[in-house]
Amino acid sequence: MSGLYRALSWARHSRPAYHPRFYATVSNPQTLVEKIVQKYAVDLPAGAKVHSGDYVMIKPEHVMTHDNTGPVISKFLSLSCSKLDNPKQPVFALDHDVQNKSDTNQAKYRKIEAFAKEHGVDFYPAGRGIGHQIIVEEGYAWPGKMVVASDSHSNHYGGVGCLGTAIVRTDAAGIWATGKFWWQIPRVVSVSLDGKLAPGVTGKDVIVALAGLFNKDEVLNAAIEFTGSGIEHISIDERLTIANMTTEWGAVAGVFPVDQRLEEWYDGLIKKAELRRFLTQPATSSQAPLPVPSDPIHTTAGHPRLNVDRLRDAVSNRPTPDAGARYAARLSLDLSTLVPHVSGPNSVKVATALPKLLDPPIPINKAYLVSCTNSRASDIAAAAAVLRGKKVAPGVEFYIAAASSRVQEDAEAAGDWQALVDAGAKTLPAGCGPCIGLGVGLLEKGEVGISATNRNYKGRMGHPEAIAYLASPAVVAASAAKGVICGPESLDLNVLPQYEHPKISIVEENAAPAQADADAPVEPLLEGFPEYFEGPLVFAPQDNLTTDGMYPGKYTYQDDITPERQAEVVMENYDPSFAASIRELRSTQPEASSSSSRAGSILLSGYNFGTGSSREQAATAIKNAGIPLVICGSFGDIYKRNAINNGLILIEAPELISDLTERFAKDGVRGKGGKDGELTVIPPGWKVKVDTRRGGVTVTMGEEGEKTYPSAKVGRSVQELWVNGGLEGFIRASL
């Protein structure tokens, strides 16, 4: 037996015993997302099953931070923390500003590296690659797991059947300190990909088309579960592309199922990792989170994550949605009717079939094959197939950067990297670079660029007066060669599906929380947390009420502003009379009806409440005005985190908001004020009572009686933050 075979054989069959975690099943059906969350939720009542709308405390498998690790370290230390809860939970990957060789940036990188070494954290230095790519290729993201990152493209991990979602920096520091963070399980949307893509149509075209066709916020702040007969025909690299750009589509997660194709892909990844381990030299850095090279004579430990036993366990215990699981909506796309699409200009909500952009031609100045979205070996190979033997057009700059150093090694070995260089491509280090507007090669004023990245917002990749389009690697490479947006020569437009628009469908379902089950367990309450919140009903009939409307920007950076002053200016840009109205209610409202209740005016509003900037004061000003709880159709995701982190309770009750809109809003629609033109409606004698243990909002309608609407219970995770005065108090109490 050769030394190489012996090393591989040991690696496959001599792993330590792996102890799986198990999923909830069958009765009280759950979606795939809910099942994964169930696995990672902690401190649940006995027998409880989690569902969309529930607030839960999550202990994720891993948390990744990148260049923002520096601010997270500062936040962690400001909380008087000195020890990580679990040093193997965080992963550091420097990837954003890797072209910046300034003393300041290099000092920041050294500080992060030193912190990683001190605490035993897996660390990947600048040049190793983009964090999301590393998380997948090094096996941190794994089928059936939940992994988070302080970056909006954490959805990426869904391409390998791992629930990935973004967190903010304070959450990351909290996870370092306590191992957990709170999350409200989002509504779940099923997206069925049916049929098979025509030759020349790619996964990038799928997500570009989805974001452009379903562009009315159908998946805003939702978690997506991909399903359908077409998935088996979509490669894993393409699934990663699709999952990655569910962020731009508006979702907080996008998860593909665990299937045979994924298992085969991981088999190949594991074999490659073992071969690389056998052939490699000892690491020069004491912090390299890689196993030592194989010894052909003496057995050595294999890869801690990329191994056969772990894969077989993931496949045999893969979660699947239950029959009867509740979805907010079901969308579908017939892949066989799709042609190559281009996103833009300057918006992912605009998607156009490539043939419609050919006449008149659209000249370009720059082209990009970079980022975690589409810069894997298969993407580089697709671009090389187009450009091999050709040259980049005069006057066009074509920039390439591999998603990771491993990807670049594979592309170089295949000859694809050199083919692009020979064609005139300009190489950049593995990292984010132009995708986030850092380093060389950015779009300048008046220029037009086409990119295989994920965002083309105005100013994202350079000057705000530049124009950016998104497309597949093959279309980007062909455009670089021709100097205008076009497809590769191998793409025969006459044999593409002949449809004016791809076939799509959408069925919206009632995703409101189910009515309380009399037999369902009530939510246990922590000492000091009220069983009820009750008080006068205050209705702002408005969707998309911005954080600037709640707390004007002119006050945001007045660091010495008091809570009392915040209460005086709350909602000033929405309704200048709001603060005075709430102050009057506070002076006249009775005490709570019992010692188990918390009194205070209850604010109600429409959908996407708290959109806009991330200013925390938009939440604290409402709380300081004496409003302990807000009820809406939905909340902006960042606002939700800021509110809960500061002890402001949020409840979603769409049916209630619909009834109030019909009753009190001008013309029965939000956005025009009340029936008498008032911006804030306070109907005399109307009161709200929220049951935190059982769920449900009871509205007393003056002399007309009362009605109860469905809403979620207030979970332990939110209670813990509330009784400790917010996230920072919770973290300190947990140490």
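Trainee: Leaving aside its neighbours within four places in sequence, which residues is Y457 in contact with?
Mentor: The model is a predicted one. In it, Y457 is in contact with E248, N346 and V348 once neighbours within four places in sequence are set aside. Contact here requires heavy atoms within 4.5 Å. The C-alpha atoms of Y457 and V348 are separated by 7.7 Å, although these residues lie 109 residues apart along the chain. Y457 itself is found in the loop between β18 (448–451) and β19 (467–470).

Trainee: What makes Y457 count as partly exposed?
Mentor: Its relative accessibility is 35%. Buried means under 20% and exposed means over 50%, with partly exposed in between. Y457 therefore counts as partly exposed.

Trainee: Why are α7 and α8 called roughly parallel?
Mentor: The axes of α7 (residues 203–213) and α8 (residues 236–244) cross at roughly 20° and come within 8 Å. Angles under 35 degrees count as roughly parallel, and the two helices are therefore described in that way. Their crossing is right-handed.

Trainee: How many disulfides does a search of the whole structure find?
Mentor: The search finds zero disulfides. C162, for instance, is in no disulfide: the nearest cysteine sulfur, that of C372, is 15 Å away, whereas a disulfide requires a pair of cysteine sulfur atoms within 2.5 Å.

Trainee: Why do C162 and C81 count as buried?
Mentor: The cut-off for buried is under 20% relative accessible area. C162 has 0% relative accessibility and so counts as buried. C81, at 5%, therefore also counts as buried.

Trainee: What makes helix α20 mostly covered?
Mentor: Six of the eight residues of α20 (residues 617–624) are buried. They are Q617, A618, A619, T620, A621 and I622.

Trainee: Which elements do the buried residues of α20 pack against?
Mentor: They pack against helices α16 (547–550), α17 (553–556), α18 (563–569) and α21 (637–645), and against strands β23 (602–605) and β24 (629–632). α20 is followed by G626, whose phi is positive, near 95°.

Methods:
Residues numbered from 1 in each chain as written. Predicted model: local features only at pLDDT ≥ 70, side-chain atom pairs only at ≥ 80, totals over all residues. Heavy atoms only, no water. Axes fitted to C-alpha atoms, helices over the stretch in contact; angles between N-to-C directions. Helix = DSSP H or I, 4+ residues; strand = E, 2+ residues; numbered from the N terminus. Parallel < 35°, antiparallel > 145°, perpendicular 65-115°, else oblique. Left-handed = near helix turned anticlockwise from the far one by under 90°. Buried < 20%, exposed > 50% of the residue type's maximum accessible area, 1.4 Å probe, protein only.
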